[in-house]
Amino acid sequence: PSSSRQRLREEANHFILSRLSDPELHADDVAQHCGVSVRYLRAAFADANTSFGAFVREARLQECRRALRDLRIADRSVIEIAMSWGFNDAAWFSRAYRRQFGIAPSEERRHARGSACSH
């Protein structure tokens with residue numbers, strides 16, 4: 001059963017990552033795509049010591065971090081970047097970002113700009 005749950009997680013992860021920017025992405029969408037119940041999908045994520053929500057949030061935060069560090073899109077605001085990766089609440093995004101990386105998103109942006117200027 002764990003290998004079938006691992007395959008399910010891999011299929012779910014691929015589907016999630018392909019739709020990461022969709023703020024309406026929910027576990028039931030992923031479960032339906034994978035042909036399993038939401039309960040079974042959640043159990044598969046639990047086997048990997050995470051949850052569906054945590055996986056989605058962390059993947060979105062990683063994409064936001066990459067974007068905040070990308071000087072080619074330095075003209076985009078922090079909230080624009082957050083919204084482009086499925087976040088729709090600026091305060092919640094900022095708190096989640098700080099919890100994940102130990103730095104505010106705006107500070108991340110400043111550090112990226114500062115390190116580019118010093119090179």
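This is a predicted model: local features need pLDDT of at least 70, side-chain atom pairs count only at pLDDT 80 or more; totals for chains, interfaces and linings use all residues.
Residues are numbered from 1 along each chain as its sequence is written, and side-chain values use heavy atoms, without hydrogens or water. Local features need pLDDT of at least 70 and side-chain atom pairs count only at pLDDT 80 or more, whereas totals for chains, interfaces and linings use all residues.

The largest nonpolar core holds 29 residues. Such a core is a set of buried Ala, Val, Leu, Ile, Met, Phe, Trp, Tyr and Cys residues joined through side-chain atoms within 4.5 Å. Buried means under 20% relative accessible area, exposed over 50% and partly exposed in between, with a 1.4 Å probe and protein chains only. Ile16, Val30, Leu41, Phe52 and Tyr97 touch the most other members. Two or more residues come from each of α1 (2-18), α2 (27-34), α3 (38-47), α4, α5 (78-84) and α6. Helix α4 gives the largest share, seven residues. Helices are DSSP runs (H or I, at least four residues), numbered from the N terminus. Beyond its neighbours within four places in sequence, Leu41 is in contact (heavy atoms within 4.5 Å) with Leu8, Ala12, Ala27, Val30, Ala31, Val36 and Phe52.

The whole structure contains six aromatic pairs. Rings of Phe, Tyr and Trp (its six-membered ring) pair if their centres lie within 6.5 Å; planes under 30 degrees apart are stacked, over 60 edge-to-face, and the rest tilted. The ring centres of Phe87 and Phe93 lie 5.0 Å apart with planes at 55 degrees, so this pair is tilted. Both residues, Phe87 and Phe93, are buried. Tyr97 and Phe101 also form a tilted pair, with centres 4.7 Å apart and planes at 55 degrees. These two residues, Tyr97 and Phe101, are four residues apart in helix α6 (residues 90-101), or about one helical turn. Tyr97 is buried at 0% relative accessible area, and Phe101 is buried at 16%. Ring pairs link Phe87, Trp92, Phe93, Tyr97 and Phe101 into a cluster.

The largest pocket has a volume of about 160 Å³. A pocket is an open set of points on a 1 Å grid over the protein atoms alone, where a 1.4 Å probe fits, with protein on both sides within 12 Å along at least five of seven lines; lining residues have an atom within 4 Å of a point. Grid points are joined across faces, edges and corners, and the volume is the space filled by probe spheres set on them. Phe52, Phe87 and Trp92 are among the lining residues. Helix α4 (residues 52-69) gives the most to this lining, with five residues. By class, the lining has seven nonpolar, two polar and two charged residues. Here Ala, Val, Leu, Ile, Met, Phe, Trp, Tyr, Cys and Pro count as nonpolar, Asp, Glu, Lys and Arg as charged, and the others, Gly among them, as polar.
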